[in-house]
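Subject: Structure handover

Hello,

Here is the structure I said I would pass on. Please look through it first; my notes on what was found follow below.

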Amino acid sequence: MNNECIFCKIIRGEIPCYKIYEDEKCLAFLDISADCLGHTLVVSKTHTNNFVETGSDILNTLFCTTQKIAKHYITNCGFDGVQIVINNGESSGQSVMHTHFHILPSVKKENKKFENYKKDDLQAVCNLLRLN
Ligand code: 5GP
Ligand code: ZN
């Protein structure tokens with residue numbers, strides 16, 4: 001844990017989030033930017049600064065949790081695909097120095113399932129996507 005880290009504060013419950021999934025090792029929540037419908041961040045509850053500094057145990061857990069949520073979004077929620085993004089280092093666009101994977105759900109043009117959802121209505125999106 002890192003006292004100043006915004007994601008550690010979310011993990012400790014000091015800052016609220018729209019929680020999608022939680023277990024003893026990981027937390028997943030909606031990205032506050034709401035730039036795409038269902039944009040989700042997956043973090044380890046153990047603080048590490050970035051992808052390349054993270055040990056294989058934590059990485060395995062993050063990958064498996066990310067896959068679990070991606071499968072849920074495609075199998076149960078109606079998305080057609082997902083993009084997984086990891087920014088490593090400021091020059092790549094990493095702005096929060098707590099290792100995290102982005103899940104960016106995607107739909108085919110003809111998929112109308114989400115046309116009544118606003119991407120910035122995070123409560124409604126969370127109700128739709130929440131896994132546990
Ligand atoms: P990065 O740019 O480091 O790869 O991604 C960090 C992400 O964290 C950004 O997409 C940003 O919108 C998101 N973010 C920053 N602060 C908060 C916050 O307080 N709550 C949530 N849910 N997301 C945040
Ligand atoms: Zn942290």
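Predicted model: local features only at pLDDT ≥ 70, side-chain atom pairs only at ≥ 80, totals over all residues.

Residues are numbered from 1 along each chain as its sequence is written, chains are lettered from A and ligands numbered from 1 in the order in which they are written, and side-chain values use heavy atoms, with hydrogens and water left out.

Ligand 1

Polar contacts here are pairs of N or O atoms within 3.5 Å; within protein, one must be able to donate a hydrogen and the other to accept it, and residues adjacent in sequence count only if both atoms are side-chain atoms. An oxygen atom of ligand 1 lies 2.7 Å from a polar backbone atom of Ser-95. A polar side-chain atom of His-100 is 3.0 Å from an oxygen atom of the ligand, and a polar backbone atom of Ile-32 is 3.3 Å from one of its nitrogen atoms. Taken alone, ligand 1 exposes 520 Å², and the protein buries 83% of that (accessible areas by the Shrake-Rupley method with a 1.4 Å probe; for residues, only the protein chains shown count as cover).

His-47 sits in the loop between β3 (40–44) and α2 (56–77), and His-98 in the loop between β4 (81–85) and β5 (100–106), so the pair links distant parts of the chain, 51 residues apart. Helices (H or I, at least four residues) and strands (E, at least two) are DSSP runs, numbered from the N terminus.

His-98 is buried at 1% relative accessible area, and His-47 also counts as buried, at 17%. Buried means under 20% relative accessible area, exposed over 50%, and partly exposed in between (1.4 Å probe, protein chains only).

Helix α2

Thr-61 is in helix α2. A polar atom of its side chain lies 2.9 Å from the backbone oxygen of Asp-57. Not counting residues up to four places away in sequence, Thr-61 touches Lys-25 and Cys-26 (contact means heavy atoms within 4.5 Å). Thr-65 is in helix α2 and is buried, at 4% relative accessibility. With its neighbours within four places left aside, Thr-65 contacts Tyr-21, Asp-23, Cys-26 and Val-42.

Two loop residues

Ala-34, in the loop between β2 (26–30) and β3, has a positive phi near 50°. Most residues other than glycine have a negative phi. Ala-34 is buried, at 8% relative accessibility. Gly-89, in the loop between β4 and β5, is buried at 18%.

Regards
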